[in-house]
Amino acid sequence: MQTGTRRVSPARRAVAAVLICAISATWLGAGPVPGAAAAKPNIVVFYLDDVSPHDGRLWNDPQRTPAIYNTFIARGTRFTNAFGEDPLCCPARATLLSGLHTHNNGVNVNDARLFQPQGTVAGKLTGAGYTTMWIGKYMNHNSWLSEAGWAAHMAQWSVFDAIYGLNGGAYYDYKVRTKDQGDLVYSDVHSTQMTADRAVSRFAAAPADKPIFAMVSIYDLHSPNVSQPITQEQAAKCANLAPWWTPAYNEADVSDKPAYIRALPLQSYPNGWPMDAFCRQMYGVDDVVKRVTDELAAEGRLNNTLLVFTADNGMSWGAHRRGQQKNTPDATAVPLYMAWPAGWGNAPRVID
């Protein structure tokens, strides 16, 4: 924790989906936020994929990830007990968008067809005068959607630029289904760069007199962990990052664990889970944060923008003998940082 951070404690665990929807509801009439700016704030969510919050070294280094550090670590609020309800992509995303528990929204596997997109936070904020945008990875198996299904998913968004395909995401060789430009084909543009490009252009084209709600949904750090091209100096910094280790890593005695854990072999990395590939990807994520915040600043929007940095679900990263895997309770924890200069000022805080 950096010097000067103000720690707020105790507090209930913060579930990312419910918290984001609750914050959105504040400006829909649920009540004022003390010290909040008078005008409706822009809300921009940097939404990562498959990211454990437990190794903050990936983003809290001012040399490797200066944009994330300056925006969220040095000036923002960190929620140390943020949990998503579902350690799986589509269910987590459906919970965030609907504000409903999985047993109420019905999305319990990776299948975009299960999601009923009416009544989402996008629809509520569109009705409250926002320009709403989804840009980047959307939901897995969205290629199974019919044209009517796609129309229903797009309807509540002003802008909809979703990576189109079986896994709902890719790094190279993918399509983007848009609401206003049809299907766009990308072959040699990394999807993280594409997401930044489209976010910046969409923000620049947005009506200046309307606030923005944007989900900037980045495929990183999902396997197969293909980073954008980086320099030798950047690669060296990642190569020197020590493996991630906790007492749960490669447990020798798992006799007290469920049968599916007892049946697993030890991981092949004896000293901890290697972080090099994830570190390389974070350069691209940092570039997205920099380009988006630079654009917001150029438009005069940044000061009154609630910025959120989080992920759809966590990952095991070797805990309890499980590798880069999810679908278990130890993969429900997610990173959650927020910053809003006009409403909360620039003093860093930690909420436990």
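The following legends describe close-up views of a predicted model.

Local features in this predicted model need pLDDT of at least 70 and side-chain atom pairs count only at pLDDT 80 or more, whereas totals for chains, interfaces and linings use all residues. Residues are numbered from 1 along each chain as its sequence is written, and side-chain values use heavy atoms, without hydrogens and water.

**View A. Crossing of helices H8 and H10.** The axes of H8 (residues 232-239) and H10 (residues 276-298) come within 8 Å and cross at roughly 140°. Axes are lines fitted to C-alpha atoms, for helices over the stretch in contact, with angles from 0 to 180 degrees between N-to-C directions; helices are DSSP runs (H or I, at least four residues) and strands likewise (E, at least two), numbered from the N terminus. The crossing is right-handed.

**View B. Residues between H8 and H10.** Gln234, Ala235, Lys237, Cys238 and Ala239 of H8 meet Asp276, Cys279, Arg280 and Tyr283 of H10 (contact: heavy atoms within 4.5 Å).

**View C. The largest nonpolar core.** This core has 45 residues, and Phe46, Leu58 and Phe309 have the most contacts inside it. A nonpolar core is a set of buried Ala, Val, Leu, Ile, Met, Phe, Trp, Tyr and Cys residues joined through side-chain atoms within 4.5 Å; buried means under 20% relative accessible area (1.4 Å probe, protein chains only). H10 supplies the largest share, nine residues.

**View D. Surroundings of Leu58.** Apart from neighbours within four places in sequence, Leu58 contacts Arg64, Thr65, Leu221, Leu241, Met275, Phe278, Cys279, Met282 and Trp317.

**View E. A second core.** This separate core of 35 residues includes Phe79, Ala128, Met139 and Trp157.

Terms used: Left-handed = near helix turned anticlockwise from the far one by under 90°. Buried < 20%, exposed > 50% of the residue type's maximum accessible area, 1.4 Å probe, protein only.
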